[in-house]
Amino acid sequence: MINKTYDKIIIDTLSVSAYITGFILIGFGCAELSMDENVITISFIILALASLSIVKRYVLSFVSIIIVNASILTLILSNKGYDLIHLYVSLLALALTLFLLQEAKIITGIRALAFRYKPIRIGLVVSLLSGLIFLGKKGISPITPEYIWLSSVVIIALIIYLVSKILPVFNIKETWHKVSIFGITVLLLLPTVLSPAISGAMLLILLSFLINYKTGIVLGVIAFIYFIIQYYYDLNFTLLTKSILLFFSGVLFLLLYFFTYKKLGANEKI
């Protein structure tokens with residue numbers, strides 16, 4: 001109520017601090033009462049969603065989204081359903097894609113979401129990256145190696161869909177150009193089937209590029225570089241083999257860059 005009544009920075013700061021402290025105290029209190037961990041986590045989700053529906057402040061809305069997603073991850077990990085992280089990441093990737101692609105409709109058509117669009121957007125981005133860390137860093141969670149490709153299938157399908165959306169931006173209409181781009185895309189994505197974190201970072205970059213979301217592009221590029229380094233570091237190959245793989249990956253990216261740069265230059269002349 002105070003946060004909604006007074007529009008001052010000091011009040012915003014105090015409300016965010018009190019909000020986070022409140023969740024910490026609730027956690028301590030429930031733990032003292034020896035409540036089930038799942039009940040506590042679900043309570044956090046309900047409280048965060050209730051808060052999100054009331055407040056319109058940027059930071060409070062962002063924190064609420066983070067609490068909801070962190071609680072879902074806690075439920076998965078505490079119940080040892082580690083392979084459900086694939087479902088969590090896939091749903092987050094799908095939700096983020098739909099949310100960002102519908103930006104104009106949400107801002108102009110849905111008043112309740114218009115005020116919360118930006119914090120929800122960055123909250124979903126951070127949550128997706130957090131989920132990708134569990135898939136991209138070896139040993140952080142005992143995920144079944146045989147199922148590591150599950151979330152990759154969903155993410156790669158979303159990337160291919162985004163590529164089809166981006167082609168009109170570059171005014172690419174010729175069939176052979178489209179076939180070439182889709183071919184290069186598939187070649188780039190095939191090595192990432194066993195590393196959904198890399199394809200997830202690529203998805204974030206493409207999404208952010210499509211809607212001109214600079215923060216998302218920066219976070220996506222940083223995540224992409226980190227996950228590639230982590231992926232090659234975890235491979236049980238010799239240093240020479242890793243170097244060759246990195247070399248050919250770099251060549252593919254350069255080819256894609258020069259192709260898109262050439263098309264952009266041609267479009268600007270037109």
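1. Let me begin with helix α8, residues 117-136, in this predicted model. With 20 residues at 1.5 Å a residue, α8 should span 28 Å, and its end C-alpha atoms do lie 28 Å apart, so the length agrees with expectation. Helix α8 is also mostly covered, with 16 of its 20 residues buried.

2. Which residues of α4 are buried? They are L60, S61, V63, S64, I65, I67, V68, N69, S71, L73 and I76. The cover over these buried residues includes α8 again, together with α1 (2-5), α2 (9-32), α3 (37-54) and α5 (84-101).

3. K80 counts as exposed because its relative accessibility is 63%, where the cut-off for exposed is over 50%.

4. N212 belongs to the loop that runs between α11 and α12 (214-234), and with a relative accessible area of 56% it is exposed.

5. Now for a helix pair. Helix α9 (residues 150-166) packs against helix α11 (residues 196-211) at an angle of about 25 degrees, and their axes are 9 Å apart. Angles under 35 degrees count as roughly parallel, so α9 is roughly parallel to α11. The crossing of the two is left-handed.

6. What makes up that contact? On the α9 side it involves S151, S152, I155, I156, L158, I159, L162, V163, K165 and I166. From α11 come P196, S199, G200, M202, L203, L206, L207, F209 and L210. Sorted by class, the contact of α9 with α11 has 14 nonpolar, 4 polar and 1 charged residues.

7. Finally, the chain as a whole. It has 13 helices and 0 strands. Of its 270 residues, 40% are buried. Among contacts between residues at least 6 apart in sequence, 70% join residues at least 24 apart.

Definitions and conventions
Residues numbered from 1 in each chain as written. Predicted model: local features only at pLDDT ≥ 70, side-chain atom pairs only at ≥ 80, totals over all residues. Heavy atoms only, no water. Helix = DSSP H or I, 4+ residues; strand = E, 2+ residues; numbered from the N terminus. Expected span 1.5 Å × (residues − 1). Buried < 20%, exposed > 50% of the residue type's maximum accessible area, 1.4 Å probe, protein only. Contact = heavy atoms within 4.5 Å. Axes fitted to C-alpha atoms, helices over the stretch in contact; angles between N-to-C directions. Parallel < 35°, antiparallel > 145°, perpendicular 65-115°, else oblique. Left-handed = near helix turned anticlockwise from the far one by under 90°. Nonpolar A, V, L, I, M, F, W, Y, C, P; charged D, E, K, R; others polar.
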